[in-house]
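Subject: Structure for you to look at

Hi,

Here is the structure I promised to pass on. Please open it next to these notes.

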Amino acid sequence: MTTTDSTTTAPVPATASAPASAPVRFDTKIAVLLRADLRTWQRLNVTAFLVSGLGTQVPDVIGEPYADADGTPYLPMFRQPVLVFEGTKEVLTAAHGRALARGLPRAVFTSDLFATGNDRDNRAAVRAVPAADLDLVGLAVHGPRTAVDKVLKGARMHP
């Protein structure tokens with residue numbers, strides 16, 4: 001059974017402690033911060049890459065597998081909404097520093113990754129640059145809602 005969170009139209013699972021008609025509130029937040037100057041295709045690509053890393057390191061963000069009425073199985077997805085924000089290069093750099101300082105699970109996407117074509121080269125491109133010098137175009141974080149909100153200070157919801 002699912003309910004609809006009042007902050008999103010995406011269905012979210014009802015919990016055992018909340019009736020099926022009550023909105024589900026999560027103690028944690030999944031957020032993606034994108035640099036505001038990205039083109040549309042870049043925003044979509046960066047978002048997809050960034051969130052793919054969270055489920056591997058934070059398995060409790062993944063819900064149960066789906067199935068339709070015919071019993072056709074589908075892969076599980078995040079059990080909570082992913083909020084997408086945007087900000088300037090400076091906002092992104094500051095958010096990265098705050099995420100590191102708080103030790104939150106995070107994924108990064110740098111401008112160098114637009115020129116690579118595979119995972120090995122992507123990892124090498126990030127590894128070649130010190131954290132303070134990364135040319136970040138995207139950051140995904142997961143953690144307690146209040147901590148993620150502090151990391152995102154200065155960012156605004158993606159239009």
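Contact here means heavy atoms within 4.5 Å. Helices (H or I, at least four residues) and strands (E, at least two) are DSSP runs, numbered from the N terminus. This is a predicted model: local features need pLDDT of at least 70, side-chain atom pairs count only at pLDDT 80 or more, and totals for chains, interfaces and linings use all residues. Residues are numbered from 1 along each chain as its sequence is written, and side-chain values use heavy atoms, without hydrogens and water.

Helix 2 first. The buried residues of helix 2 are covered by elements including strand 3, strand 6 (82-87), strand 7, strand 8 and helix 4 (145-151). Those buried residues are Val 91, Leu 92, Ala 95, His 96 and Ala 99 (buried is under 20% relative accessible area, exposed over 50%, partly exposed in between; 1.4 Å probe, protein chains only). They cover an arc of only 135° around the axis, so they lie on the same side of helix 2 (the arc is taken from the directions from the helix axis to the C-beta atoms). Exposed Glu 90 and Ala 101 sit on the face turned away from the buried side. Gly 103 follows helix 2, with a positive phi near 65°.

Now the sheet. 5 strands make an open, mixed sheet in the order 7-8-3-6-9 (two strands pair if DSSP finds at least two bridges between them). Strand 3 (residues 28-35) and strand 8 (residues 136-144) run antiparallel, joined by 7 bridges. Val 32 stands opposite Ala 140. Strands 7 and 8 are also antiparallel, with 5 bridges. Strand 8 is largely enclosed by the rest of the structure, because 8 of its 9 residues are buried.

Best wishes
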